[in-house]
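This briefing sets out selected features of a single protein chain for use alongside the sequence and coordinates. Please read the points below with the structure open.

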Amino acid sequence: MKTLLVVDNHPFTAEGLYRILTDMGFHVVKASTAGQALLATEHIRGIDLMICEMSMNEPTEGLELIRQLRSRGKAIPSLIYTRELGSWGISRIMSAEVDGVVFKHENIHELIKAIEYVTSGRTYFSTAFSRRQKAIEHAKDGLSAKTISILECIASGESNSQIAQKMNIGEKAVEYHRSTILRRLSCRNMAEAVYRAIKEGIINCEN
């Protein structure tokens, strides 16, 4: 019997996964915080896979948890199971070299398939994640990940000062990125740029 560590601070999601995976014959351990997850890895031997939410609403989020486990010499295969992400989140996931990614809005069969792949030593990136990744890689020909992240902030209605504070840059730098966005996307204004970015999959319409 394979042991799965489910790390998610959303009770409904965690309980749903627990029931589904337990019914499928897995031994499931739940953790709602990174601290609980770290403790579980110290006391439970033979964890075959960690299924982890990326945004934990605490200082130690999913990718940081994975990094901490690796720094402790615990090479537990990791599968990110999270809401659909923007370009910055996608880039961070790829840099972290996780073993798999599935978005929560996808069919549960995608997650089951990912679990089967990763626990057998392979990687698995869902259809939706792969589509987003390809769109972002294509966009990188003209827009950096940081510029795309700023475009997502603009799409969500944030002001230059808010973006500057969030990205830890000056407002003049934000204006520079705005100009770059208009030039690279061949748009006359930001409304048109946001529309095109959403249509071409460069950013999520939810952001």
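In this predicted model, strand β1 (residues 3–7) and strand β2 (residues 27–31) run parallel and are joined by five bridges. The chain passes from β1 through helix α1 (residues 11–23) to β2, and this β-α-β crossover is right-handed.

- The bridge partner of V6 in β3 is I51.
- Strand β1 is mostly covered, with five of its five residues buried.
- T3, L5 and V7 point one way from the strand, whereas L4 and V6 point the other way; all of them are buried.

**T41 in helix α2**

- T41 is located in helix α2, which comprises residues 34–43.
- The relative accessible area of T41 is 7%, so the residue counts as buried, the cut-off being under 20%.
- Leaving aside residues up to four places away in sequence, T41 touches L5, I47, L69, K74 and I76.
- One of these contacts, L5, belongs to the residues of β1 that are buried.

- N189 lies in the loop between α9 (171–184) and α10 (190–199).
- The side chain of N189 reaches the backbone nitrogen of A191 at 3.3 Å.
- A polar atom of the N189 side chain also lies 2.8 Å from the backbone nitrogen of E192.
- N189 and R178 are 11 residues apart in sequence, and their C-alpha atoms are 9.4 Å apart in space.

**Loop residues with positive phi**

- E97, a residue other than glycine, has a positive phi near 55 degrees.
- The position of E97 is in the loop between α4 (87–96) and β5 (100–103).
- E97 has a relative accessible area of 61% and is therefore exposed, the threshold being over 50%.
- N168 likewise is not a glycine, yet its phi is positive at about 60 degrees.
- N168 is found in the loop between α8 (160–167) and α9.
- N168 is exposed, with a relative accessible area of 71%.

Definitions and conventions
Residues numbered from 1 in each chain as written. Predicted model: local features only at pLDDT ≥ 70, side-chain atom pairs only at ≥ 80, totals over all residues. Heavy atoms only, no water. Helix = DSSP H or I, 4+ residues; strand = E, 2+ residues; numbered from the N terminus. Buried < 20%, exposed > 50% of the residue type's maximum accessible area, 1.4 Å probe, protein only. Contact = heavy atoms within 4.5 Å. Polar contact = N/O pair within 3.5 Å; in protein donor to acceptor, adjacent residues only side chain to side chain. Pairing = 2+ DSSP bridges. Right-handed = clockwise from strand over helix to strand, strands pointing away.
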